[in-house]
Amino acid sequence: MKIMQFMLILKDAFTIAVVVSAHFPTKMCPDICIYLTVNSSCENLECYMVLMKAERTAIGSICFLAGPITLLENALVLGVIAATATLRRRPSYLFIASLALADIFASCFFTTSFLDFHLFHHSDGPTAYLFKLGGVTMAFSSSVGSLLLTALDRYLCIQKAPSYKTVLTRRRALLSLLILWSATIFISFLPLMGWRCHTELTPPCSRLFPYINQGYLACWTSFILVLLALILGAYVLILWKAHRHESSMTNLQGAAGTGQARMRMDIRLARTFGLILLILVGCWLPALSFMLADVSVILTHTQQRAFAFCSTLCLVNSAVNPLLYALRCRELRVALLQLLQKLCEVGKCKRAAECVPPGLPSAEESRNRTTRLNSISEVVNNQKMS
């Protein structure tokens with residue numbers, strides 16, 4: 001009886017193989033055959049390590065270059081804001097500091113986990129992998145959320161200019177940052193809390209991330225898309241308000257103002273915000289498109305490799321953020337120059353103190369000795385006068 005059942009199973013497998021070979025060309029056979037072999041199990045997560053040698057070299061070079069640059073840039077911005085009291089008290093720079101902190105986490109978590117998994121083929125257990133992936137998700141979610149808070153801050157600044165300082169206080173800014181980071185941490189570590197999937201590639205398991213449920217992937221992708229849509233809407237409203245303001249000023253000034261050589265404010269804002277939105281959408285939309293496709297269709301290994309490259313663009317966006325949002329601010333650049341001048345002065349004083357010969361007194365001792373001599377001379381003069 002068991003022999004007959006085994007023969008029937010072999011017959012069914014042969015029939016499936018014939019049907020597949022008849023309907024699919026030979027060039028497509030590797031992905032189909034791989035999918036059929038790993039459909040039931042995926043040992044050591046090898047079915048997710050799909051990069052070729054040349055692709056590993058290219059993507060590794062991007063990560064090794066963009067990761068340290070992102071870390072240094074954002075650490076510099078965060079250090080300048082933390083060291084300057086006037087910047088720490090302003091809500092705008094609190095949002096920029098939150099963006100810098102999120103990008104620092106992104107450079108650390110993404111670079112280490114991505115290189116460890118795809119280049120060195122180190123497969124962790126479910127808990128360790130989901131913790132690393134949760135850190136990456138938290139960093140990128142907080143980065144996009146901080147971009148949204150920055151866009152809303154600029155909208156309030158131009159929409160409610162007279163009452164801006166009373167509407168957006170430092171306390172409300174800190175409260176909004178607390179809500180943002182709490183929400184992103186909770187959403188990012190939901191798979192670690194139990195909303196996970198087995199390592200099989202059958203639905204509802206994702207073909208892009210091990211142990212990730214397609215339902216969770218759809219929810220997180222929708223969350224990021226909503227944040228991006230709100231950012232886009234905020235900048236469109238800012239441009240519309242600026243255009244109305246410039247039109248009204250042109251009507252009041254008449255033809256005299258039209259002959260000015262300087263460019264109009266709304267055109268400058270349109271170019272700046274257009275560059276910001278182009279970089280933001282260009283870095284995030286390819287990866288989000290693959291995540292949405294993973295929920296609806298079965299991705300091949302070629303598409304998985306393309307997603308691995310597109311995911312590095314999110315790290316590139318974190319490297320560009322300090323240049324677009326922080327270093328373009330004149331006040332932050334001035335604070336950076338003042339901080340560098342103070343550090344140079346401290347370094348010069350230390351070098352001058354080290355260069356004094358052992359027998360000679362230092363500058364502090366000379367000042368104290370001069371003070372004592374002046375006091376003695378005053379006493380002698382007073383005695384003579386008496």
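Colleague: How do H3, H5, H6 and H8 pass one another, and where do Thr84 and Leu87 sit?

Modeller: Happy to. Please keep in mind that this is a predicted model. The protein has 14 helices and 0 strands, so its pattern along the sequence is simply one α after another, α-α-α-α-α-α-α-α-α-α-α-α-α-α. Of its 386 residues, 36% are buried. Among the contacts with a separation of 6 or more, 79% join residues 24 or more positions apart.

Let us start with H3. This helix covers residues 53–83, which is 31 residues, and spans 45 Å between its first and last C-alpha, close to the 45 Å expected at 1.5 Å a residue. Its buried positions are Ile59, Gly60, Cys63, Ala66, Gly67, Thr70, Asn74, Val77, Val80 and Ile81. The unreviewed UniProt entry lists residues 58–81 as a transmembrane region, along with 93–115, 127–152, 173–195, 215–240, 272–293 and 305–327. Two of those spans can be set beside the model. Residues 93–115 are 100% helix and 0% strand, with their end C-alpha atoms 32 Å apart. Residues 272–293 are likewise 100% helix and 0% strand, and there too the end C-alpha atoms lie 32 Å apart.

Thr84 sits in the loop between H3 and H4. With a relative accessibility of 17%, Thr84 counts as buried, because the cut-off is under 20%. In sequence Thr84 is 251 residues away from Ala335, yet their C-alpha atoms are separated by 6.9 Å. Leu87 belongs to helix H4, residues 85–88. A relative accessibility of 3% puts Leu87 in the buried class as well. Beyond its neighbours within four places in sequence, Leu87 is in contact with Val80, Ile81, Tyr93, Glu331, Leu332 and Ala335. Two of these partners, Val80 and Ile81, are among the buried residues of H3. Ala335, which I mentioned for its C-alpha separation from Thr84, turns up here as a contact of Leu87. Leu87 can also be placed relative to Ala97: the two are 10 residues apart along the chain, with 9.8 Å between their C-alpha atoms.

Two packed helices are described by the angle between their axes and the distance between the axes. For H3 and H5, the latter being residues 91–119, the axes come within 8 Å and cross at roughly 155 degrees. That angle is over 145 degrees, so H3 is roughly antiparallel to H5. The crossing of H3 past H5 is left-handed. H5 and H6 repeat these values, with axes that come within 8 Å and a crossing at roughly 155 degrees. H5 and H6 are therefore roughly antiparallel too, and their crossing is left-handed.

H6 covers residues 126–159 and H8 covers residues 170–188; their axes come within 9 Å and cross at roughly 150 degrees. This angle also makes the two helices roughly antiparallel, but H6 passes H8 in a right-handed crossing. On the H6 side the contact is made by Gly134, Thr137, Met138, Ser141, Ser142, Gly145, Ser146 and Leu149, and on the H8 side by Ser176, Leu177, Leu180, Trp181, Thr184, Ile185 and Ser188.

Thr137 and Thr184 are 47 residues apart along the chain, and their C-alpha atoms are separated by 8.2 Å. Apart from neighbours within four places in sequence, Thr137 is in contact with Ser188, Tyr216 and Trp220. Ser188 is one of the H8 residues in the contact with H6.

One last stop is Tyr211, in the loop between helix H9 (190–193) and helix H10 (214–253). Most residues other than glycine have a negative phi. Tyr211 is not a glycine, yet its phi is positive, at about 65 degrees. At 9% relative accessibility, Tyr211 counts as buried.

Notes. Residues are numbered from 1 along each chain as its sequence is written. This is a predicted model: local features need pLDDT of at least 70, side-chain atom pairs count only at pLDDT 80 or more; totals for chains, interfaces and linings use all residues. Side-chain values use heavy atoms; hydrogens and water are left out. Helices (H or I, at least four residues) and strands (E, at least two) are DSSP runs, numbered from the N terminus. The expected span of a helix is 1.5 Å times one less than its number of residues. Buried means under 20% relative accessible area, exposed over 50%, partly exposed in between (1.4 Å probe, protein chains only). UniProt positions are given in the numbering used here, feature names are shortened, and annotations may be inferred rather than shown by experiment. Axes are lines fitted to C-alpha atoms, for helices over the stretch in contact, and angles run from 0 to 180 degrees between N-to-C directions. Angles under 35 degrees count as roughly parallel, over 145 as roughly antiparallel, 65 to 115 as roughly perpendicular and the rest as oblique. A crossing is left-handed if the near helix is turned anticlockwise from the far one by less than a right angle, and right-handed if clockwise. Contact means heavy atoms within 4.5 Å.
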